Amino acid sequence: MTDRARDLARLLAAAALEPALDGILLLDSSPAWFLAAADRYEELLRAAGGRAPRRVILGSRESEDDLWTRLAVRERPDGRRQLVPGPGHLVQGPDDPVIVLLVPDLTRLSFAARRAVAILLDAPVAHLQRHGADREWRPRVRCLAACPAAAIGQASRHLLERLPVRFAAGPGALGPDPVASVPMTAPPGATVAEAVRAATARAVPTVPGTIREQAVRGLPAVTPLRRALALLRLARGLARLEIPVPAGPGQLVAAEHVDEARRLLGLARAPAAEAGASGDSDPVSPPPGRATSGARRWQDLIDEFDARRAAGGEPGSGPGREAVGPPARDPAGTVAAYPGAALPGGTATLPGGPRDPYPEDRRWTVTAEFSYLTTQDQRVAGVFDLRGDPVGTRPATHLRDIAWTPTLIEAAKYQEARRRLRGGRAGPGLIVSPADLMSYQRIHGQRYLLVLVLDYTCLDRVNVAGVLASYLDWAAWRRAAVTVVEVGAAGPAGAGSPLRARSFAARNAHDAVASGALSEPRGGATPLAHGLDLARAALARNARGDRSAALDAWLVVVTDGLGNIPLAASRSGAVSYPLAGEGIADCLAVAAQLARLRSVHSVVIAPPRPPLPEMPARLAAALGAGLIRATPGERG
Amino acid sequence: MSDDSRFWILPYAHVVGQEQLKLALELSYLAPGIGGVLVSGQRGTAKSTAVRAFAMMMHGHLPVTLPINATDDRVVGGWHLDKLMRGEPEPQPGLLEEAGEHGVLYVDEVNLLDDHIVNIILDAASTGVLTVQRESRDEAIAVRFSLVGTMNPEEGPLRPQLLDRFGLMVAVEAETSPAARLAILENVLALDEARYGGQPGLLDAGYHADGELKQALSAARDRLYDVSVAGIKALCTEVCAAFEVPGHRGDPVVLLAARALAAREGSAAATADHVRAVAPLALRHRRPGAGPGGHVRWAPEDDATLARLTQPAPPAVTALPAVTALPPVTALPAPTALPAPEAPSAPEASAGA
């Protein structure tokens with residue numbers, strides 16, 4: 001058993017004892033490892049709650065009706081069968097077990113599933129108001145999700161906030177038995193589940209004020225409080241696990257538990273001076289037998305576990321128990337498993353390298369189109385389209401996209417009346433009328449367009465991330481298609497003539513950023529006129545006004561306006577010297593064409609001190625665009 | 001229908017900070033004609049917590065809540081399905097009708113609502129009549145309710161038509177002071193211990209404080225129309241004109257909110273100070289150029305303008321005797337000015353297209 005598997009077992013055990021710690025995200029876990037962790041988590045929840053939780057797997061296909069409504073067949077007294085609508089998988093009654101939501105890939109959740117997670121996690125109350133159902137209940141839900149750290153930008157920030165407990169697995173860090181027994185203060189040979197079961201008999205430890213203060217001090221002021229709460233709740237779960245039996249009321253969480261919780265999450269420790277101060281000034285006496293160092297204490301427990309096993313208390317020998325290997329040790333054999341835990345940036349050093357438990361804070365990303373929880377608006381009657389997620393239903397006007405659950409519910413309402421009308425002529429089946437048919441209302445396809453013209457010969461003088469963020473976020477929120485036009489990029493060999501700009505279409509803003517745009521090295525020539533012409537071609541479809549056109553488009557040009565390559569040279573691939581400002585004249589001419597396009601909003605973003613200050617303004621005037629002076633970039 | 005009466009909502013008294021949010025909720029309760037409150041802020045800023053805690057304190061139950069995935073039959077009303085299937089048609093009131101009975105409709109994450117549901121709400125809220133013409137029903141039901149909505153502007157803006165239905169708007173931000181953050185942690189952990197640790201007494205002090213505040217607010221509501229507004233009518237129109245508020249909806253909201261604040265403080269008349277305190281809440285989302293969905297700028301110069309308009313303060317008024325005055329809101333924190341965007345409001349400018 002690896003150290004990370006052992007750490008995960010601790011984390012899941014502590015989380016199982018903390019009902020409010022309901023969102024756990026595993027970073028970079030393999031599918032097999034995730035499912036094994038899910039099995040163990042359910043086992044621990046059963047140990048903590050006394051009954052098996054109900055598993056619900058959320059993926060990319062679930063609809064609202066799948067999750068919240070269910071049709072059941074009921075036998076009537078007269079022997080006939082009847083379809084009865086009822087609450088779906090996610091609705092709980094007071095006697096129902098805890099639900100475990102398993103999300104194998106957070107970036108691939110369906111629209112309805114994303115909403116469901118947002119509704120149920122960290123919520124004191126949930127409401128169901130669908131298809132006649134009127135329910136209000138207290139959710140008792142846990143969520144175990146997985147996501148590649150590199151793809152975190154594709155996940156909903158809303159959901160990420162609700163998954164504050166993070167655990168970085170690291171590729172290949174786990175063996176065939178990913179989660180196995182962990183020594184706590186349980187008897188020799190006890191499994192984690194048995195330790196959790198024993199811990200439920202103890203009172204919930206109190207978190208002293210000094211510990212709360214230490215936790216707040218150790219996190220930046222802008223850290224969401226859910227994360228600070230997750231840290232303290234995890235520490236409280238750890239404390240409850242290891243309080244010796246018998247334990248009376250008044251047990252307290254100690255600094256060591258917070259340190260251990262930090263380490264499990266991958267957070268840096270609190271600043272040394274403050275940690276020391278809290279240790280000195282904390283009036284709370286540690287529980288009996290507590291060591292002075294949290295990391296040291298856990299190592300002690302591991303040592304003790306090994307000693308017990310060597311003495312014959314083999315935890316893997318009993319039914320349902322898994323074999324465990326020796327814990328990893330550093331060469332000295334005396335220090336914590338991860339001795340260099342703290343990095344200045346707030347991450348911890350793990351065997352697989354530095355891990356950031358909250359990578360969404362550090363990446364410059366745009367929210368992916370499929371991570372928003374809003375639907376696209378319905379203001380335009382588009383062409384009939386079966387694509388897109390269902391967001392509602394309406395009486396059907398065709399037979400191509402029937403919503404069967406609402407249809408059957410609609411039909412079920414009138415069965416009695418219809419049977420009476422038909423007398424004895426009605427058969428045993430459901431009587432469906434054309435008036436019952438319901439079809440889906442679906443999210444429309446892309447109706448917005450963002451065109452970025454990036455002049456790489458000046459891009460490093462512009463704070464690109466800052467000036468483009470709002471446009472990319474707009475594109476992400478609108479699910480806009482994005483066309484990127486690159487002007488003056490050096491590009492790899494064979495990338496094309498430097499006299500030409502190049503463009504590519506991205507499905508969305510996230511793909512545009514992920515494609516590597518904005519990071520090309522600068523080239524020598526500036527075929528800005530050609531770049532604007534490519535932008536014009538991309539926008540021309542929008543201006544045709546046909547039904548496939550975008551509703552709204554933005555053209556964002558980042559340039560100093562010094563386009564030195566004439567349009568003809570870009571098209572022919574050959575330049576005729578000397579040049580006498582034809583490139584700039586062509587830029588202004590193409591800009592004037594762009595200004596005539598309908599439904600296009602334009603803006604020119606110029607570096608702070610352009611070589612010819614009037615050029616960006618002239619270009620903006622020709623485009624009919626706004627002009628923005630960007631903040632300095634790398635080269636100012 | 002509730003299957004568990006114990007939702008473990010934090011006592012209102014334990015909601016740390018967010019004074020503007022609390023003020024807006026209380027004013028909306030004191031003067032329902034204000035038209036409700038929109039609370040806009042990032043995740044984890046106690047928006048929903050404060051709204052639910054306030055409803056529990058004042059009414060003893062959660063507000064009528066419209067979830068984001070509600071179907072239109074539950075919004076407008078339909079039939080009790082189980083009875084209908086037994087051949088016993090019995091109308092089932094929709095959420096708008098229930099909200100009309102309770103006076104408040106709460107929409108958590110209001111900007112995530114599907115557009116066709118928003119349209120239904122707008123129709124009922126603007127006309128005061130809920131028209132049900134579906135499933136063999138044909139009724140017109142008078143409904144009057146205030147909208148209370150919470151939203152995270154990161155998830156997208158609110159349609160201007162819906163934004164305009166909210167009387168007051170609060171832009172909340174996360175508490176960053178260590179003392180406030182510590183207090184929040186303390187309260188939430190205490191709620192945990194009360195809920196899961198079998199120590200419900202930990203929250204008793206908060207519930208007791210809630211009871212006292214409820215009594216005081218109820219008394220203030222009873223005396224709302226005893227408060228004179230004669231001295232501020234012209235000022236309210238002047239303020240709205242100075243901030244270029246289109247239409248006429250802003251004027252009465254400012255006046256009513258100032259009157260509610262005066263009643264809350266036990267004053268006999270609403271003054272310029274009251275107008276100054278409530279104007280940002282009533283006007284920030286109505287100003288021209290205000291972006292939809294909470295990206296609304298209220299800069300320090302707006303405070304300066306407001307201070308100039310509301311000076312000099314009218315003569316001091318005598319407090320009504322024999323009423324319990326709530327703590328005066330004398331030092332409201334200055335509304336936080338959003339930083340000027342580096343780019344023109346591209347998303348906002350086109351959002352309404």
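Leaving aside neighbours within four places in sequence, which residues is A:Leu11 in contact with? In this predicted model, the partners of A:Leu11 are A:Ile24, A:Val165, A:Arg166, A:Phe167, A:Leu234, A:Leu264 and A:Leu265. A:Leu11 also belongs to the largest nonpolar core, a set of 63 residues. Together with A:Ile24, A:Leu26 and A:Leu144, A:Leu11 touches the most other members of that core. The element that gives the most to this core is helix α8 of chain A (residues 225-242), which supplies eleven residues.

Turning to the aromatic side chains, six aromatic pairs were counted over all chains. For A:Tyr471 and A:Trp554, the ring centres lie 5.7 Å apart and the planes meet at 55°, so this pair is classed as tilted. The two residues come from distant parts of the chain, 83 residues apart: A:Tyr471 sits in helix α15 (residues 464-477) of chain A, and A:Trp554 in strand β17 (residues 552-558) of chain A. A:Tyr471 has 0% relative accessibility and so counts as buried, the cut-off being under 20%. A:Trp554, with a relative accessible area of 6%, is buried by that criterion too. In chain B, one aromatic cluster is formed by B:Tyr12, B:Tyr29 and B:Phe54.

In chain A, A:Arg227 lies over the face of A:Tyr358, at 3.8 Å from the ring centre.

Technical notes:
Residues are numbered from 1 along each chain as its sequence is written. Chains are lettered from A and ligands numbered from 1 in the order in which they are written. This is a predicted model: local features need pLDDT of at least 70, side-chain atom pairs count only at pLDDT 80 or more; totals for chains, interfaces and linings use all residues. Side-chain values use heavy atoms; hydrogens and water are left out. Rings of Phe, Tyr and Trp (its six-membered ring) pair if their centres lie within 6.5 Å; planes under 30 degrees apart count as stacked, over 60 as edge-to-face and the rest as tilted. Helices (H or I, at least four residues) and strands (E, at least two) are DSSP runs, numbered from the N terminus. Buried means under 20% relative accessible area, exposed over 50%, partly exposed in between (1.4 Å probe, protein chains only). A charge sits over a ring if NZ of Lys or CZ of Arg is within 6 Å of the ring centre and within 35 degrees of the ring normal. A nonpolar core is a set of buried Ala, Val, Leu, Ile, Met, Phe, Trp, Tyr and Cys residues joined through side-chain atoms within 4.5 Å. Contact means heavy atoms within 4.5 Å.
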